[in-house]
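Biologist: Please take me through the strand pairing and the nonpolar cores of this chain, and state the criterion behind each term.

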Amino acid sequence: MGEWSKKVGETGESIAAEFLRLVGWDAAQARVELPCVRPEVHKVSGHARRSHGIDYLLGCRSPLVDGVGQNLIFSVRFSAGSYPRNPVRMFKGHFSDLAHTIECFKNSEVRRTLLQTVKGVAKSQDVGVLLWINNDRETEGDVIGQLLRVILPDTLNYEAIYVVDNNRARFIFDSVNYATRIANGCDVEFFYPDTGKNVNPLCHVKHGRMLPVEYINSSVLPLRIADKALERRILLLSTLERFSEGGVKRLLGLAQHLSQDWCSRVVIAFPDYDDLQHGNSVQLAKGSFSNAGFASAAEIHCYDEDFRTLMH
C-alpha cells in the first residue's frame, strides 16, 4: 500500500509540474514549508498543526491589472481513482487546508522573500490554486459542476482560490496543444485583452506564455498564434462549452472585439464540433452576424486530446 501511494503521489507531482510548464508557471518553487501561526485553529486530525507545505509557489505580475503582483500558492491533490460520488466533504477538506496555508503565508518570511523577486508592483495578492485531479479516464471529471452550491466555512481567511479539476485541466491542455498544431513552427501565447485596468503603456503587454490565473474560471481561452514563416497572426478562441449555434454567435462577437485588426485569421474551437453534424448551424450563425465579411472568414474547429497522455 505504501509503495502504491508513493507511486500515485509521484505521478501527481509529475502531471502537476507538466501542467505548470504548459501554462507558463514553470518558474514556481516546489515543496515550500512554512510555520503555522494558528496551530489550534488549523489542527489536523485533532492535533495542533506545526507547519504547512506548499506544493508549488510562484510570484508574478498580473498581466490583467497594472501594478498588481500575485503570489500563487498551489496545492496538488491527485489520486488513482475517480472523484467520490459525493465530493463535498473531501472538497471542503482540500479547500480549507489551502485556505489555512494562505492565512499563514500572509505573514511569513517566505512571503517577504518572494515579494522581493517581483518588481514594479504597488499591491500584492495571495491567490490559491487547488489542482484536484485524478487518473479516472472514463468520465468527464467535472467535479466543479457538483460544487457550485457548496457553503464554505465563513471562518476561512483568503482572497481568492481557483480550482482545477480533470475537466478544466483537459480543456486547458487540449486548447494549448491544439494551438501548436494550427501552424508548424508557430509561437503560441495567451492573449491579454484590455481590461480597463491594464492601460499603462509602460508595462502593458498584450500576450505572453503565462496563463493569467483568472483565466482558470473562464469557459473561453484566447490564444495568440504567431506564424513567423508566413508573417501572420492568428487569434484562437477555445471554449469549454459544447457546440451550439448561439455559442458560435457569441464567440464571433468576442473574436471581433478582441481581434481589433491585429490578426489575419480567426479560429473558434469547440470540444465536440463536427462539420457534418454542425455545418448548417455554423452557416446560420454566420448569416445572422452583422459583419458578414468577418463572420465568413472565421473558421470553426474541434480540439480533442487527453491531458494525462502527456506523461506517456
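Biologist: What makes strand S6 (residues 187-191) and S8 a pair?
Modeller: Two strands pair if DSSP finds at least two bridges between them; S6 and S8 have 4 bridges in the antiparallel sense, so they are called a pair. The bridge partner of Glu189 in S8 is Arg224. This is a predicted model: local features need pLDDT of at least 70, side-chain atom pairs count only at pLDDT 80 or more, and totals for chains, interfaces and linings use all residues. Residues are numbered from 1 along each chain as its sequence is written, and side-chain values use heavy atoms, with hydrogens and water left out.

Biologist: How do you know that S8 and strand S9 (residues 232-239) pair?
Modeller: They share 8 antiparallel bridges. In S9, Arg224 has Leu235 as its bridge partner.

Biologist: Why is strand S8 (residues 220-227) called mostly covered?
Modeller: Buried means under 20% relative accessible area (exposed is over 50%, partly exposed in between; 1.4 Å probe, protein chains only). In S8, 8 of 8 residues are buried. Val220, Pro222, Arg224 and Ala226 point one way, while Leu221, Leu223, Ile225 and Asp227 point the other way.

Biologist: What makes a set of residues a nonpolar core?
Modeller: The set must consist of buried Ala, Val, Leu, Ile, Met, Phe, Trp, Tyr and Cys residues joined through side-chain atoms within 4.5 Å. The largest such core has 48 residues, and Leu236 is one of those with the most contacts inside it. Helix H4 (residues 166-182) supplies the largest share, 8 residues. A second, separate core of 23 residues includes Tyr83 and Leu130.

Notes
Helices (H or I, at least four residues) and strands (E, at least two) are DSSP runs, numbered from the N terminus.
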